[in-house]
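Dear colleague,

Please find the structure below for your review.

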Amino acid sequence: MADKNKPTATPATPAAPAEGQHRNYNERRWMKPSKRAEGYAKDRRAKVHTYGPKEGQELTEYDKGIRSGYLLAQSDHAGMYKFKKALSEGKSVEEARSISRTKGKPKDAA
């Protein structure tokens with residue numbers, strides 16, 4: 001029987017930077033909300049747990065904070081908004097993708 005704790009030959013994250021390089025933290029990582037973020041957003045709108053063993057119970061202040069922090073950390077909404085806005089302005093998909101992954105306001109907008 002194979003040992004489940006042995007490291008695999010391939011890295012767990014396919015987008016891991018090469019050795020000696022660092023990931024660019026000025027670039028957004030996600031384009032669409034994760035399933036967890038979607039669920040957390042539904043919980044916050046409804047102000048109750050919408051799934052799991054506490055379904056139907058009101059969110060405590062702690063639970064509200066957890067959901068807020070997670071959603072803020074994701075920053076998915078902003079990326080999708082920027083992507084769709086860039087497409088509507090007539091930019092190519094490649095340009096829109098790079099714009100959506102940039103954090104903050106564009107330099108030329110100031």
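How many salt bridges does the structure hold? In this predicted model, the structure holds two.

One of these salt bridges is formed by D43 and R67, with 2.9 Å between the closest N and O atoms. D43 belongs to helix α1, which covers residues 35-46, and R67 belongs to helix α2, which covers residues 61-74, so this pair ties together parts that are 24 residues apart in sequence. Both D43 and R67 are buried.

The side chains of E61 and K64 also meet in a salt bridge, with an N to O distance of 3.4 Å. Here both residues lie in helix α2, where E61 and K64 are three residues apart, about one turn of the helix.

Most residues other than glycine have a negative phi. K47 is not a glycine, yet its phi is positive, at about 65°. Where is K47 found? K47 sits in the loop between α1 and α2. Is K47 buried or exposed? With a relative accessible area of 56%, K47 is exposed, because the cut-off for that class is over 50%.

With kind regards

Note on methods: Residues numbered from 1 in each chain as written. Predicted model: local features only at pLDDT ≥ 70, side-chain atom pairs only at ≥ 80, totals over all residues. Heavy atoms only, no water. Salt bridge = Lys/Arg side-chain N within 4 Å of Asp/Glu carboxyl O. Helix = DSSP H or I, 4+ residues; strand = E, 2+ residues; numbered from the N terminus. Buried < 20%, exposed > 50% of the residue type's maximum accessible area, 1.4 Å probe, protein only.
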